[in-house]
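Please look through the sequence and the model below before reading on. The report that follows takes a few parts of the structure in turn and says how each is placed among its surroundings.

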Amino acid sequence: MKSVAFHTLGCKVNAYETMAMEQSFREAGYEIVEFEGIADIYIVNTCSVTNIADRKSRQMLHKAKKNNPDAVVAAVGCYVQAAKEELLKDNAVDLVIGNNRKNELVSIVEEYIQDNARNNDIVDIAHTNEYEEMKLGTQTEKTRAFIKVQDGCNQFCSYCIIPYTRGRVRSRKLKDCINEITKLAGMGYKEVVLTGIHLSSYGVDLEEKVSLIDLIEAVNGIEGIERIRLGSLEPRIITETFTERLEKCYKVCHHFHLSLQSGCDATLKRMNRRYNSEEYFEKCKMLRERLCDTALTTDVIVGFPGETEEEFFETKSFLERVNFYETHIFKYSRRAGTVADKMENQVPDDVKSLRSDILLELDRKHQFEYNSSYLGRVMDVLFEEKDKLGDEEYYVGHTTNYIKVAVKSERDITNEIHAVSLVNVYKGRIVKGEIMS
Ligand code: SF4
């Protein structure tokens with residue numbers, strides 16, 4: 001039996017696609033082995049979001065060849081789209097496959113082994129409008145299933161290479177999404193996470209007139225699915241109609257990740273984001289007013305080119321004003337080929353680190369306050385795994401609004417939903433509780 005090892009860089013969509021590729025190799029009779037060991041085939045699902053991601057992608061490809069010089073090493077994914085010429089010349093890489101043919105990887109690798117001929121196929125991703133159908137029968141997580149429903153992005157934020165590496169918006173047909181989720185529900189999955197590169201654009205390219213809210217309503221009707229989570233949303237999708245329809249989908253978890261990037265309007269403009277801070281604030285208000293116990297999380301970039309001290313503190317004040325549950329803070333990282341990479345007034349690394357530390361401190365405070373505000377409440381928790389807190393073992397899961405909760409239990413309660421009384425906050429980020437029923 002031939003063995004194959006995978007390594008994934010980058011985002012959740014890449015992780016989903018790696019799982020789908022693993023599954024097709026498993027079904028074709030291959031053994032999936034650790035990337036660190038010896039394999040007959042290595043697949044690196046690359047990322048190209050920053051110059052650092054490019055470097056890591058190259059490193060992992062070279063590492064694979066070093067692990068086993070006789071192995072077939074295949075590069076797939078975003079870095080391939082961004083740097084195909086370079087990869088085609090790289091002796092460590094045998095196959096160079098773009099973002100369009102990940103679903104045919106088994107046959108491409110087998111043809112290569114048989115004929116020892118390179119079959120490098122990288123389409124001009126900017127001009128493809130076909131959604132590459134990849135589906136997952138099984139998932140590695142036991143309780144939560146990730147479903148990719150959309151690919152590509154038309155937004156062209158000035159710091160982002162994704163529209164060039166993943167191409168324009170392509171959505172998966174509604175019936176294909178529903179079929180996959182129905183199958184997963186039949187296998188016992190209770191929670192589904194709808195993901196995509198730019199989820200809010202779901203449906204804009206489809207002939208049938210559907211949008212993200214239509215998809216959510218359809219998933220809400222699937223028997224067996226008890227919770228629906230949404231990947232990162234763009235603030236402009238939040239409208240009165242959207243929230244009104246969302247409110248009726250009782251399975252949707254009231255945790256929304258609304259991508260912010262900056263709370264300063266001048267910085268947002270340079271980033272080519274298509275909203276200002278006031279509009280963003282209104283969207284947060286709308287969600288909180290209509291949907292009870294809403295938790296808002298977000299992403300922020302610090303040290304974007306030209307970000308002055310004043311602009312940075314505007315962002316900090318905005319984060320305080322919205323009072324997010326959790327903020328993912330990224331130091332701006334240059335990416336060749338983007339507009340921002342060529343901007344003047346790049347911010348020095350030490351300034352970025354300082355700004356990041358300030359926001360990390362604020363984030364810890366917000367999380368502690370949010371978690372503390374729920375003490376004494378009884379909330380439903382879906383338990384996902386066993387984990388150690390200090391020396392003791394707990395079952396850990398999340399409430400619908402994404403509070404991480406740990407309880408003690410004599411028996412295995414994984415993939416069960418229980419009402420839990422929230423008792424105290426452990427290290428700011430986890431709430432310890434007691435099962436009520
Ligand atoms: S919305 Fe902006 S940051 Fe997100 S994928 Fe599209 S271009 Fe990149």
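## Helix 12

In this predicted model, helix 12 is made up of 14 residues, 309–322, and at 1.5 Å a residue it should span 20 Å, which agrees with the 20 Å that separates its end C-alpha atoms. The buried residues of this helix are Glu311, Phe312, Thr315, Lys316, Phe318, Leu319 and Val322. Seen down the axis of helix 12, these buried residues fall within an arc of 160°, so they line one face of the helix. The pattern can be read with a general rule in mind: an α-helix has 3.6 residues a turn, so residues three or four places apart point the same way.

On the other side of helix 12, Glu309 and Glu310 are exposed. The cover over the buried residues of helix 12 includes helix 10 (265–270), helix 11 (277–290) and helix 13 (349–372), together with strand 11 (295–302) and strand 12 (326–331). After helix 12 comes Asn323, which has a positive phi, near 60°.

How many of the residues of strand 6 are buried? The count is 8 of the 8 residues, 144–151, so strand 6 is largely enclosed by the rest of the structure.

Strand 6 runs parallel to strand 8 (residues 191–196), and 6 bridges join them; within this pairing, Arg144 has Glu191 of strand 8 as its bridge partner. Strand 6 also pairs with strand 7 (residues 170–171), here in the antiparallel sense and over 2 bridges, and Asp151 stands opposite Arg170 of strand 7.

## Ser48 in its loop

Ser48 lies in the loop between strand 3 (41–46) and helix 2 (51–67). Is Ser48 buried or exposed? Its relative accessibility is 2%, and because buried means under 20%, Ser48 counts as buried.

The side chain of Ser48 is joined to that of Asp54 by a polar contact of 2.8 Å, and to that of Arg335 by a polar contact of 2.4 Å. When residues up to four places away in sequence are left out, the residues that Ser48 touches are Ala53, Asp54, Cys78, Tyr79, Ala82, Ile161, Thr165 and Arg335.

## Cysteines

A disulfide is a covalent bond between the sulfur atoms of two cysteines, and the structure holds 0 disulfides.

Terms used: Residues are numbered from 1 along each chain as its sequence is written. This is a predicted model: local features need pLDDT of at least 70, side-chain atom pairs count only at pLDDT 80 or more; totals for chains, interfaces and linings use all residues. Side-chain values use heavy atoms; hydrogens and water are left out. A disulfide is a pair of cysteine sulfur atoms within 2.5 Å. Helices (H or I, at least four residues) and strands (E, at least two) are DSSP runs, numbered from the N terminus. The expected span of a helix is 1.5 Å times one less than its number of residues. Buried means under 20% relative accessible area, exposed over 50%, partly exposed in between (1.4 Å probe, protein chains only). The arc is that of the directions from the helix axis to the C-beta atoms. Contact means heavy atoms within 4.5 Å. Two strands pair if DSSP finds at least two bridges between them. A polar contact is a pair of N or O atoms within 3.5 Å; within protein, one must be able to donate a hydrogen and the other to accept it, and residues adjacent in sequence count only if both atoms are side-chain atoms.
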